Structure formats: structure tokens, C-alpha cells
Amino acid sequence: ISGLILLIERPISVGDLVEVEGHVGRVLEIRMRATLINTLDNVAIIVPNSLFIQNKVVNWSHGDLRIRLKTPVGVAYGSDLAAVTEALLKAAREHPDTLKQPEPEVRFISFGDSSLDFELLSWIGRPERQYIIQSELNYAIDSAFREAGISIPFPQRDLHLMPGPAVDALAGRQEC
């Protein structure tokens, strides 16, 4: 029955880029009982059609191939926010796989524990390359930040030791 539903309703078609149960790949063939998918790692997997009907399935290429990448990044408190925004936009605009329209944008998300949190939003037209493009954007952001003197912080904690038996023991002093 699941195969008939897939063939009649067409929520997926041959050639679609889908994600089901953590596997992302192109639909090669839809049969009555199972669908053949070729993953991004070039591994063929056979997925029972019931999974497409009963589980959440992401169809990355249904109707429109454009998808938006979200790249979160934190910068040190005290950073020049205009320079941060420009460095992020530069990284997106200079990448050959990001689309010019819609334009990339930067959002200031929050004041984090150790960082000012931003998100770079950029559109691509090749969803099967999203993981590669995301990695390349991260490299480009790191380079743009270094060039602009913007630092990415790491969590830091201050430890204050109060006098007492435990501190005395650490210092080599023992009570009798």
C-alpha cells in the first residue's frame, strides 16, 4: 500500500534529494515495496516505502532547489559589530555557490555567556552540496575574521578558592 501511495501522491520522485532516518541521498528508483536511494557517500540503500509514509522525510529538492544555509558564529564581546557583519557578508558573497538573490543576510541573535552570537543566512541552489558549502563558508569566515582582527572566543570560567580545609590540603597545609 505504501508503494501505491508514493506512486499516486508523488511526495517524492526519482531524482529528488531526500533525507530519511538520517540518510541523505538521491532517489534512484521507486518500487512497490521499497525505494532505492544513493547517499551523498555514494552508498546505495534500500528504504522500505512504509518509512516514507510513517516517518518524517525531508525532500530537499521538492519544487525549488534553493535552500538557505544557517551558519551560527560567536564573536568576542567588544568586537566591532559592523566589521563582524561585513566579514560575514564578504564570506558569503565571495563563495561561488551562494546565490546573489536572495541576498545573504546577517542576524545578531543573542548575548551569549562568552560571545555575541550571530547567524549568517545564505542561499544555495545545490542542496546536495550543502555540507561542503557549509564547511567552505566556515573556512572563509575564519579567514575573514582573522583579516579583520575579529576573535572567536572560547568559554572561560574564573575559579575562586576560599580558605578552608580543602584549600589548605591543596596548598600542602594539613590540620592536626
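Reader: In what order do the five strands of the open sheet stand?

Author: In this predicted model, local features need pLDDT of at least 70 and side-chain atom pairs count only at pLDDT 80 or more, while totals for chains, interfaces and linings use all residues. Residues are numbered from 1 along each chain as its sequence is written, and side-chain values use heavy atoms, with hydrogens and water left out. Strands are DSSP runs (E, at least two residues) numbered from the N terminus, and two of them pair if DSSP finds at least two bridges between them. The pairing in this open sheet is antiparallel, and the order is 4-3-2-1-5.

Reader: Which strands are the edge strands of this sheet?

Author: An edge strand here pairs on one side only. That holds for strand 4 (44–48) and strand 5 (57–59).

Reader: Over how many bridges do strand 1 and strand 2 pair?

Author: Strand 1 covers residues 17–20 and strand 2 covers residues 23–30, and Glu19 stands opposite Val24 in strand 2. The two strands pair in the antiparallel sense, over four bridges.

Reader: Why is the pair of Phe108 and Phe118 called stacked?

Author: Rings of Phe, Tyr and Trp (its six-membered ring) pair if their centres lie within 6.5 Å, and planes under 30 degrees apart count as stacked, over 60 as edge-to-face and the rest as tilted. The centres of Phe108 and Phe118 are 4.7 Å apart, and the pair is stacked because the planes stand at 15°.

Reader: Is Phe118 buried or exposed?

Author: Buried means under 20% relative accessible area, exposed over 50% and partly exposed in between (1.4 Å probe, protein chains only). Phe108, at 37%, is partly exposed. Phe118 has a relative accessible area of 3%, so Phe118 is buried.
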